[in-house]
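Subject: Structure handover

Hello,

Here is the structure we talked about. Please open it alongside this email; my notes follow below.

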Amino acid sequence: MEPYLYLEGLKRLARDAHGNEVVHIGIRPYGFHAGNALALIAYPYLLCLQMEREGKTPRFRFVISLNDWEQDALDGPDYRRYPFNIYPKNTSLQFALDEEGCCKSIVEHWEPRIRKSMSWIRERFPHTSFAFVRNSELKSNPVFEELVLRTIRNPEEQAAIFRKYSAKEVLEMPLAYAGVVCPQCFRAHGNTLTDSDGDVSWRCADCGTERRSDYASFSYWWYHKPMFLARLKIFGIDIGLSGGDHFSEGDFLIRRAFIEQMSPQTKEPKMLF
């Protein structure tokens, strides 16, 4: 399947779609920029509008993933030059404080604003529906658990995909795409290990906390690229909407490789960038 690119890709997607598909959009619940505004607001509206022009009634079920397990900010040797050798600067967005001080967390601050920004699309296209899901709400899902542990256990498996399908160099170290958020100080600096039984061991580099327990006992951060596969399997995604920056990063080929190598029975979605 070829990617659907920009406005012409959107028009082609409207011709190919039936109108009742599950459509996924992921967003960091931390402000808006041109890329996520395009995927979150412009693309859903324009896709529904183009469906009407094709004589179809848009009945899409939009799933909006609020990526509260992503890094609060990127850190690493040089996160622009080596975007696949990154880790959280402090913690995950789930535990990041609201900079304006009006809410308990940055997610609590931005989620209502994200919901409100999309409400008018539902009003204009009344047969569509919207579900807003935080990543942290999916922690107990078996698909999430399996892929989080696999990501922790073998980051090189994913680094090999990034080396092959992106134009960016990937260093040998540091290499981690998921890890524990410390249950004591809520920082994400430390060493996360997991054994064949699924137990997780954590040692915090900030407060020195050491703990070994089952997967459910911890909170985590998780890089959004492998996380896409988990959401694809959980929600049965038919169409993915992403900003053009994701296409330039190689996400079309990277997502396809994740499916082929880690879950070949999973259906490849149509992807609009």
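Tyr 6, Leu 7 and Leu 46 make a nonpolar surface patch of about 270 Å². Tyr 6 sits in helix H1, which covers residues 6–16. Its relative accessibility is 43%, so Tyr 6 counts as partly exposed. Please keep in mind that this is a predicted model.

Next, the salt bridges. The count comes to 18. Side chains of opposite charge can pair when their charged atoms come close. Here are some of the pairs.

Arg 150 and Glu 157 meet through their side chains, with 2.5 Å from N to O. Arg 150 is partly exposed, at a relative accessible area of 24%. Glu 157 has 18%, and the cut-off for buried is under 20%. Glu 157 therefore counts as buried.

Arg 203 pairs with Glu 210, and their closest N and O atoms are 3.3 Å apart. That separation falls within the 4 Å limit for a salt bridge. Arg 203 is partly exposed, with a relative accessible area of 46%. Glu 210 has 57% and is exposed.

Asp 251 and Lys 225 form another salt bridge, with 2.4 Å between the closest N and O atoms. This pair links distant parts of the chain, as the two residues are 26 residues apart. Asp 251 lies in helix H8 (residues 251–262), while Lys 225 lies in helix H6 (residues 224–235). Are these two partners buried or exposed? Asp 251 is buried, at 1% relative accessibility. Lys 225 is buried too, with a relative accessible area of 4%.

H8 has twelve residues. From its first C-alpha to its last, H8 reaches 16 Å. That is close to the 16 Å expected at 1.5 Å a residue. Nine of the twelve residues are buried, so H8 is largely enclosed by the rest of the structure. The buried residues include the charged Asp 251, Arg 255 and Arg 256. Also among them are Phe 252, Ile 254, Ala 257, Phe 258, Ile 259 and Met 262.

What do the buried residues of H8 pack against? They pack against helix H4 (142–153), helix H5 (155–165), H6 and helix H7 (244–248). Strand S12 (270–272) is another of their partners.

Last, the cysteines. How many disulfides does the structure hold? It holds zero. A disulfide is a covalent bond between the sulfur atoms of two cysteines. Cys 185 is partly exposed, with a relative accessible area of 26%. Cys 204 is buried, at 1% relative accessibility.

Best wishes

Note on methods:
Residues are numbered from 1 along each chain as its sequence is written. This is a predicted model: local features need pLDDT of at least 70, side-chain atom pairs count only at pLDDT 80 or more; totals for chains, interfaces and linings use all residues. Side-chain values use heavy atoms; hydrogens and water are left out. Buried means under 20% relative accessible area, exposed over 50%, partly exposed in between (1.4 Å probe, protein chains only). Helices (H or I, at least four residues) and strands (E, at least two) are DSSP runs, numbered from the N terminus. Patches are made of residues with over 30% relative accessible area and no salt bridge: like charges are joined within 9 Å, nonpolar side chains (Val, Leu, Ile, Met, Phe, Trp, Tyr) within 5 Å. Accessible areas come from the Shrake-Rupley method with a 1.4 Å probe; for residues, only the protein chains shown count as cover. The expected span of a helix is 1.5 Å times one less than its number of residues. Contact means heavy atoms within 4.5 Å. A disulfide is a pair of cysteine sulfur atoms within 2.5 Å.
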